[in-house]
Amino acid sequence: MAALTGITAVRPTADTKSTPPVRYGATLGIAIPVYLDVSDLTHKAADNDASVSTDAVVGLTITPGVNGGYGYLATGGSIILVGATMAVGVTYYLGSTPGEIVPESDVSTGDAVTRIGTASTTTQLDLDIKVTNIPKA
């Protein structure tokens, strides 16, 4: 399996939990797992191998935005990833490339394990964000 690609839009569902507008600390696309950079209080693309802070996912971008701009994050519930094809029942995790979502099989030894959610259909991701700060053995 490989990282999710081809996502052209994020569609919230009736149970999507989202944030008020948040400030982006980089140009971000859609469906990007982000962390809060406490040094400047902006949201940036998360990854599982840079540091403990960058794997602390707080949500996925619903809207794209530019550095210093504002956007919305999905933090729970379900979202539709338009253009993605997921394997039903597979749980997806934060990848080692900033902003990447991968199946569990693509999380490498030593990478921090951060769960994003499980695919309930080929396009619907049920968010269940769990930051463990535990490296994969």
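Buried means under 20% relative accessible area, exposed over 50%, and partly exposed in between, computed with a 1.4 Å probe and with protein chains only. The legends below concern a predicted model, in which local features need pLDDT of at least 70, side-chain atom pairs count only at pLDDT 80 or more, and totals for chains, interfaces and linings use all residues. Residues are numbered from 1 along each chain as its sequence is written, and side-chain values use heavy atoms, with hydrogens and water left out.

**View 1. Pro12 in strand β1.**
Pro12 lies in strand β1, residues 9-12. Strands (E, at least two residues) and helices (H or I, at least four) are DSSP runs, numbered from the N terminus. With a relative accessibility of 48%, Pro12 counts as partly exposed. Leaving aside residues up to four places away in sequence, Pro12 touches Ile62 and Ser78; a contact here means heavy atoms within 4.5 Å. Between the C-alpha atoms of Pro12 and Thr85 the separation is 17 Å, and these residues are 73 apart along the chain.

**View 2. Strands β8 and β12.**
Strand β8 (residues 73-82) and strand β12 (residues 124-135) run antiparallel and are joined by 4 bridges. Two strands pair if DSSP finds at least two bridges between them. Ile79 has Leu125 in β12 as its bridge partner. Leu125 also stands opposite Ala119.

**View 3. The hairpin of β11 and β12.**
Strand β11 (residues 112-119) pairs with β12 in the antiparallel sense, over 6 bridges. The hairpin that joins β11 to β12 passes through 4 residues. Opposite Arg115 stands Lys130 in β12. In a regular strand the side chains alternate between the two faces of the sheet.

**View 4. Strands β9 and β11.**
Strand β9 (residues 91-94) runs antiparallel to β11, and 3 bridges join them. Thr91 has Thr118 in β11 as its bridge partner. For Tyr93, the partner in β11 is Arg115.

**View 5. The hairpin of β9 and β10.**
Strand β10 (residues 101-103) and β9 pair in the antiparallel sense over 3 bridges. Tyr92 stands opposite Pro103 in β10. The hairpin of β9 and β10 has 6 residues between the strands, and Gly99 in the turn has a positive phi of about 85°.

**View 6. The chain around these close-ups.**
The chain has 12 strands and 0 helices. Its radius of gyration is 14 Å, close to the 14 Å that the globule rule gives for 137 residues, so the chain is as compact as a globular protein of that length. The radius is taken over C-alpha atoms, and the rule is 2.2 Å times the number of residues to the power 0.38. The C-alpha trace spans about 35 × 35 × 25 Å along its principal axes. Of the 137 residues, 43% count as buried. Among contacts with a separation of 6 or more, 65% are between residues 24 or more positions apart. The chain exposes about 6300 Å², of which carbon and sulfur atoms supply 56%; accessible areas come from the Shrake-Rupley method with a 1.4 Å probe, and for residues only the protein chains shown count as cover. The mean positions of the 7 positive and 12 negative charges are 6 Å apart. Lys and Arg count as positive and Asp and Glu as negative, while His and the chain ends are not counted. Each charge is placed at NZ of Lys, CZ of Arg, CG of Asp or CD of Glu.
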